[in-house]
Structure formats: structure tokens, C-alpha cells
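Here is a colleague's note for someone opening this model for the first time. Please keep the sequence and the 3D view side by side while reading.

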Amino acid sequence: MNGILIGGVYSLVAVGLTLIYGLMRIVNFAHGDFLMWSMYAAFWLHALMNLDPLLAVLLVFPIFFGVGYLTQAILIRPVLRGPTMTQALVTIALSLVLQTSAQTLWTADYRRALVPYSAEVIKAGLVTIEIPKLIMFVVSLTLCLSLYVALKKTFIGTAIRAVSQDSETAQTLGIDSNRIYAITFGIGIGFVAVAGCLLSTLFYVYPYVGSTFVLLAFVVVALGGLGNYVGTLLSGFIIGVAEAISAYYLLSSLRYVVILLMFLLVLLLKPEGIFGKRLR
């Protein structure tokens, strides 16, 4: 149960990453640092204004959507058609800027948004469910499913899928590809910002906290199949359960070793991912 609940948040973090990659074929190495900044945003809103991180989502999401939109338009768009190495260096440089800026502003001290329900639990027989994790799971699953429906049923969702399949043809048919790229990047950053708000009630925030979560997000995306939305969602649960089981039966410090060994095994046996399709 613990693995399933935390796996929902891993899926939310990874969905934004796979959405960006699936459309633009660019790996955003700064993804975890946007999560870190959103955790700081939730923490300071709670510390200064006594605003619950769940309510902070309503403020943080549109702000980070705008930040993501501008990031794509200003930094990513000029290198979108360039070499893969150039794209990687741009996002790595952005990651370093975000990390060092956070450390300069708030030092490396650990902080956490302590809410009244942080220690609350629900007991159902032998199962004990932590309230913060349950809330995180419900919000994450709701957002992921809502985005999936939006991609299938709305005009923007149809435009995103069209640009993803063939950007030149979509442009010919009247879809502004650059605008769709910026909107998609904004959605991806907005989603990871929501995940950051949720995680701030359970994990400590410090300038390098995003590195751990983005590593897991990369593993989730690779296992689910690059650009595969549903595969990413399901892989998040697999990683969450694997982490919980390995932490329980082995040392807690070995849980990431088990996950990375799983990742290497999948790369050897099914390099396109568990739910990915082999390309010709």
C-alpha cells in the first residue's frame, strides 16, 4: 500500500517529463530542480502565510506553468532543432542555475512544511495508511487521468498529439507548433510543481532534493517507454512498490540500488521499456 501511494506521485513527476520528451524529443535535466523550487514555494507559502500546501497548488501551478512556457520560448526553442548535446547542455546549465540560486537564497538547511495532518493515519485491519500519502495519491492520480482525457478529448490535446506525430504537417494544417511546444512544456513543469507541493508535506526540502526524484522519474519514463503516457503512469506504481518492498526486506539505503538494478535488467532484456513498442 505504501508503495502504491508513493508510486502515484512518482507517476505525476514522470508524466511531465515524458510529455515533454514525447512532443519535443528533448530530455529536461532541470525537471527535478523545478520540483525543488515548487517545494520551496509551498514551504514559504505555509511558513509566511500559513497556507496549506494543498491549497498552495492553486497558486503554484499557474505560476510554474507560466515559467515553463517562458523557459521553452526563451531557452529551449532556439536549440530545439540543434544537436542533442546542445539541448542537454542547455537544460543541465538551467539545472545548475536553479540549484545554486536556491542555495544562495536559502542555504542548504533542511526545511519541511509541517501540517496538522502530517502524522495522521487511517487503520484498516493490518494496513496503516498515512493521510499525507493518501492525499498525494488521490491528487496525483486525478491529475494524471484528467490530463490523459484532455489529450484525447480536447482541441489542445488533439493539437499536442498531432504535433507529436508530425510537426511539419500539423504546421501546414494551421497548428502553431511553437505555441503547442510552449504549452506542453508549461504543462509538464506545472505538473511537477504540483508534485513538489504535495511532497513538501512529507519530505524535507533543500537545494538538491530534486536530484533524487528526477533520477526516479527518468527510471519510470524509461521503464514505461519513452513518450508512452500510460506506460509511464503504470511504471510509477511499479517503482513505488519495488522501493517499498526493498526498503522493508533489505536496508532502506539499498532501495535505490534495487530500482537501478531493475532498470538495468529491463534495458538488457527490453530496451524499449516494459510498455514501449519496438521501433523499426
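Which residues does Leu226 touch, not counting residues up to four places away in sequence?

1. Leu226 touches Thr18, Tyr21 and Val221, where contact means heavy atoms within 4.5 Å. Leu226 sits in the loop between α9 and α10. Helices here are DSSP runs of H or I with at least four residues, strands are runs of E with at least two, and both are numbered from the N terminus. At 54% relative accessibility, Leu226 counts as exposed. The cut-offs are under 20% relative accessible area for buried, over 50% for exposed, and partly exposed in between, using a 1.4 Å probe and protein chains only. Leu226 and Ser211 are 15 residues apart along the chain, and their C-alpha atoms are separated by 20 Å.

2. A word on the source. This is a predicted model, in which local features need pLDDT of at least 70, side-chain atom pairs count only at pLDDT 80 or more, and totals for chains, interfaces and linings use all residues. Residues are numbered from 1 along each chain as its sequence is written, and side-chain values use heavy atoms, with hydrogens and water left out.

3. Now take Thr18, one of the residues that Leu226 touches. Thr18 belongs to helix α1. It is buried, because its relative accessible area is 2%. Leaving aside neighbours within four places in sequence, Thr18 is in contact with Val221, Gly225, Leu226, Gly227, Asn228, Tyr229 and Thr232.

4. Ser235 is the next stop. It is placed in helix α10. Ser235 counts as buried because its relative accessibility is 1%. Beyond residues up to four places away in sequence, it touches Val220, Leu223, Gly224 and Phe275.

5. Look next at the second largest pocket. Its volume is about 280 Å³. Of the 17 residues that line it, Tyr10, Phe203, Glu243, Arg255 and Tyr256 are the closest to its centre. The elements that give two or more residues to this lining are α1 (2-24), α9 (209-224), α10 (229-249) and α11 (255-269). α10 gives the most, with four residues.

6. How is that pocket defined? On a 1 Å grid over the protein atoms alone, a pocket is an open set of points where a 1.4 Å probe fits, with protein on both sides within 12 Å along at least five of seven lines; lining residues have an atom within 4 Å of a point. Grid points are joined across faces, edges and corners, and the volume is the space filled by probe spheres set on the points.

7. The lining of the second largest pocket divides into eleven nonpolar, three polar and three charged residues. Here Ala, Val, Leu, Ile, Met, Phe, Trp, Tyr, Cys and Pro count as nonpolar, Asp, Glu, Lys and Arg as charged, and the others, Gly among them, as polar.

8. The largest nonpolar core has 77 residues, of which Met24, Phe34, Leu35, Leu147 and Ile239 touch the most other members. Helix α8 (residues 177-199) supplies the largest share of this core, 14 residues. Such a core is a set of buried Ala, Val, Leu, Ile, Met, Phe, Trp, Tyr and Cys residues joined through side-chain atoms within 4.5 Å. Phe34 touches Asn28, Phe64, Val67, Thr71, Leu94, Leu98, Ile189 and Val192, not counting residues up to four places away in sequence.

9. Strands β1 (residues 121-124) and β2 (residues 127-130) run antiparallel and are joined by four bridges. Two strands pair if DSSP finds at least two bridges between them. Lys123 has Thr128 as its bridge partner in β2, and Ala124 has Val127. Two residues lie between the strands, and Gly125 takes a positive phi near 70 degrees.

10. Asn50 is in the loop between α2 (31-49) and α3. It is exposed, because its relative accessible area is 63%. Thr107 is in the loop between α4 (84-106) and β1. It is partly exposed, with a relative accessible area of 38%.

11. Last, Gly66. It lies in helix α3 (residues 53-76). At 24% relative accessibility, Gly66 counts as partly exposed. Gly66 and Ala182 are 116 residues apart in sequence, and 9.3 Å apart in space from C-alpha to C-alpha.
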